[in-house]
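The sequence and structure are shown first.

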Amino acid sequence: MTEAERTLGFRVDGITINTPTMDDAVSSIISAAEQGQSFSVCTLNLDHVVQLKARRDFRQAYQRARFVTADGFPIVVLGWLAKTPLQRTTGADLVLPICQQASQRDLSIFLFGSNDATLSKAKDHLTERFPGLSVTGTFSPGPQFDPYSAEADQAIERIRSSGARLCFVALGAPRQEIFSARCLDLLPGVGFLCIGAALDFIAGTQTRAPRFAQKSGLEWFWRASRNPRRLAPRYAKCMAILPGLFAKSVPQIFDAHMGKARWRS
């Protein structure tokens, strides 16, 4: 993707969503991997926007991301208001279609994050589901993993020696994005996908919200109801920033509607 192409898309608090649909994301990621490019993939949601305001290193990591999708349902709605049709695409949504394409195009993958048991189960599930998929390595860091630690250096060497072309990073935000951004300069020819709890869903060690909740924008409510003590404060912060995000989006919404009105006149 050229710099001109990167400027296209819907902007959320200074971050441009440049892969609006699942198909766009999958085709862009696979194309970049086949060309031997280094890149990272981030999936923007409201919790990330909250953290982007507080952490400079997280924002810098997002600014280095080659591909950004719309994860949060409110972000999708804002995009539609600005006449930018967005499709909610989470890290968990990307893993299976990427692995399917990788198995057909001889693109090896590396699984990083979570824990050893989850990685083993996820690897078995993926290789059984997609015959020909090459998982050339796994690495489970400790619970206090620091993207700039000696452990991170060890992980980078493991990824390098594996020869993987794609690395699924399942650490949760902001560590996965910061680690992926660091790797861009150290591991040429590797694409890093920030996927949150996706490997736990695949392994069956965590349960994702039902499909109806995912499609209706209520996945956050389902998750909060299962773990209110941990997640309720997080989602309260997310709701609190919505008015400000809408206000910042008004110029894009206005320009989109006025542009259409001028075209009709």
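Is Cys183 buried or exposed? Cys183 is buried, with a relative accessible area of 0%; buried means under 20% relative accessible area, exposed over 50% and partly exposed in between, with a 1.4 Å probe and protein chains only.

## Basis of the model

The model is predicted: local features need pLDDT of at least 70, side-chain atom pairs count only at pLDDT 80 or more, and totals for chains, interfaces and linings use all residues. Residues are numbered from 1 along each chain as its sequence is written, and side-chain values use heavy atoms, with hydrogens and water left out.

## Overall fold

The chain contains 13 helices and 8 strands. These elements are DSSP runs numbered from the N terminus, helices being H or I with at least four residues and strands E with at least two. The radius of gyration is 18 Å, close to the 18 Å that the globule rule gives for 265 residues, so the chain is as compact as a globular protein of that length. The radius is taken over C-alpha atoms, and the rule is 2.2 Å times the number of residues to the power 0.38.

Along the principal axes, the C-alpha trace spans about 60 × 45 × 35 Å. Of the 265 residues, 50% count as buried. Among contacts (heavy atoms within 4.5 Å) with a separation of 6 or more, 75% come from residues 24 or more positions apart.

## Strands β3 and β4

Strands β3 (residues 39–44) and β4 run parallel and are joined by 4 bridges; two strands pair if DSSP finds at least two bridges between them. Cys42 has Val68 in β4 as its bridge partner. From β4 (residues 67–70), Phe67 and Thr69 point one way, Val68 and Ala70 point the other way, and all are buried.

## Nonpolar cores

A nonpolar core is a set of buried Ala, Val, Leu, Ile, Met, Phe, Trp, Tyr and Cys residues joined through side-chain atoms within 4.5 Å. The largest core has 33 residues, of which Ile29, Ile98, Ile109, Leu111, Leu166 and Phe168 touch the most other members. Elements that each supply at least two residues of this core include α2 (22–34), α6 (91–105) and β7 (166–170). The largest share, 7 residues, comes from α2.

Leaving aside neighbours within four places in sequence, Ile98 is in contact with Val26, Ile29, Ile30, Leu166, Phe168 and Leu193.

## Aromatic pairs

Rings of Phe, Tyr and Trp (its six-membered ring) pair if their centres lie within 6.5 Å; planes under 30 degrees apart count as stacked, over 60 as edge-to-face and the rest as tilted. The count comes to 8 aromatic pairs. Phe112 and Phe145 form an edge-to-face pair, 5.6 Å centre to centre with 75 degrees between the planes. Phe112 lies in strand β5 (residues 109–113) and Phe145 in the loop between β6 (135–139) and α8 (150–162), so the pair ties together parts that are 33 residues apart in sequence. Ring pairs link Phe112, Phe139, Phe145 and Phe179 into a cluster.

## Cysteines

With a disulfide defined as a pair of cysteine sulfur atoms within 2.5 Å, the count comes to 0 disulfides. For Cys99, the nearest cysteine sulfur, that of Cys167, is 12 Å away. For Cys183, the nearest cysteine sulfur, that of Cys167, is 7.0 Å away. Cys99 is buried, with a relative accessible area of 0%.
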